[in-house]
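Reader: I am new to this structure and would like to learn how its features get their names. Could you walk me through some of them?

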Amino acid sequence: MTSSLQNFVVAALKEDQRIDGRRPFDSRRLNMKFLREDGSAEVQLGQTLVMCCVSCQLVQPFPDRPNEGSLSVFTEFSPMADSSFEPGRQGENAVELGRVIDRGLRESRAVDTESLCVLAGKAVWSLRIDISILDNGGNLIDAASIAALAALLSFRRPECSAGGEEGQEVIIHPPEIREPLPLILHHLPVAVTFAFFGDGDLVVVDPSYKEELVMKGRLTVTMNVHGDICSVQKGGGVGVSSGEIMRCLRIAATKVADVTSSLKKAAEAHETERAFRKVKRINVAATTEGRRVDISETVKAEFKLRSAILDKSIKSELNDDEDSSSEDSSDDDDDSESKEDNVMAPIRAVKEEDPQSVLPTDAVFQGGVSQWPTGTKPYTISGTMKTNPTGNSVIKVSSSCQEEKPTAILDTAKKNKKRKKKNKKKVNRPISSM
């Protein structure tokens, strides 16, 4: 950075202004994003972007702490984030960042390490926190601290149980069998960084990338919402008075309360979304244990049965007003019986499978374009879901159709029947002799 730009930054701070438009004790905008995988989170603080992932594995505990798990922090500074970062090598900034995060989490005992014990002296969970810097926009410590807390809040470890003959074998249950367990966090230690300029009389919070190039010193305070100081890290050669440190602690307490509230709200929203993702969807292509029955065929059979009943009711109404010969009525009865047999044939085949209902109880509902005959009444299909021994979700379908007696159809049929009778009488009338 040129000397003219450095002088401009310092001159603006003397007027309580910053080059990005903020006031001295204003923080940049904070955005948190939980990834789909448990224990992964991205945090964007201004132009700074940090990703954190938490993983675990079973290891042997330390001899002096046989009932406690372990926690370790690893940092990765990618050259894509900043050209000053060297690939495959940790610089001073990477080492300092890892130590500040580790001191704020582990030494303050924010994570309950005793809950990570599976078998005392033999197997405990070891947590690994990997912090990756994706874009360096300044103040990496605060962004990495928030990202680590967000990842710990969303992390779930597998549930374990002791088994074997003597109960000394560890059984890890997959998430499909038993729900993974969240970590126990006693408090949330949040880091707040202050930058000092000049002789230490100019102080700002959340320094940007250009301000870090000009600052003479830095003070990082890790504190929880209860006001407990977890750690303090001082960098740079400029001296800071005790009164200035106390003022920074009061400002940090306010900042920590705001960040903690945002963390809890984001974690609750993520947990709600995670619960919705766990809802099992019904597999419409699942088959039953027995023979698979197509719902379209059963609906067609139901429609044919309804039509047969309707034809029978129409015929009964017509028989009340019928005044024809016995021979004609017998012929009509024979024709109706043959038609009824043709209609009832597929219905009887279906009824053999389930005498209680027209639709078989093993019918499986399948989505798709409706294949009902045109002009039919709408059916109300209701179903109950069950799970067969193979684990597939199955729907038992039943249908009902509510339709009234079509009076208009009966009137039309009666008129047609009377017209046929009149025409038949005219044809059978004897011809008078000339």
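Author: Gladly! Let us start with a term: a salt bridge is a side-chain nitrogen of Lys or Arg within 4 Å of a carboxyl oxygen of Asp or Glu. Please keep in mind that this is a predicted model, where local features need pLDDT of at least 70, side-chain atom pairs count only at pLDDT 80 or more, and totals for chains, interfaces and linings use all residues. Residues are numbered from 1 along each chain as its sequence is written, and side-chain values use heavy atoms, with hydrogens and water left out.

Reader: What makes Glu271 and Arg274 a salt bridge?

Author: Their side chains meet at 3.9 Å, N to O, and the rule asks for a nitrogen within 4 Å of a carboxyl oxygen, so the pair counts as a salt bridge. Both residues lie in helix H5 (residues 242-277), 3 residues apart, about one turn of the helix. Helices here are DSSP runs of H or I with at least four residues, strands are runs of E with at least two, and both are numbered from the N terminus.

Reader: Why is Arg274 called buried?

Author: Buried means under 20% relative accessible area, exposed over 50%, and partly exposed in between (1.4 Å probe, protein chains only). Arg274 has 8% relative accessibility, so Arg274 counts as buried.

Reader: Which parts of the chain does the salt bridge of Asp206 and Arg22 link?

Author: That salt bridge has an N to O distance of 3.4 Å. Asp206 sits in the loop between strand S12 (202-205) and helix H4 (209-214), and Arg22 in the loop between helix H1 (3-14) and strand S1 (30-34), 184 residues apart. Both Asp206 and Arg22 are buried. They also belong to a network of salt bridges with Arg18, Asp20, Arg28 and Glu211.

Reader: Why is Ile131 called buried?

Author: Ile131, in strand S6 (residues 123-135), has a relative accessible area of 1%, so Ile131 is buried.

Reader: And what makes Lys415 exposed?

Author: Lys415, in helix H8 (residues 407-428), reaches 57% relative accessibility, and therefore counts as exposed.
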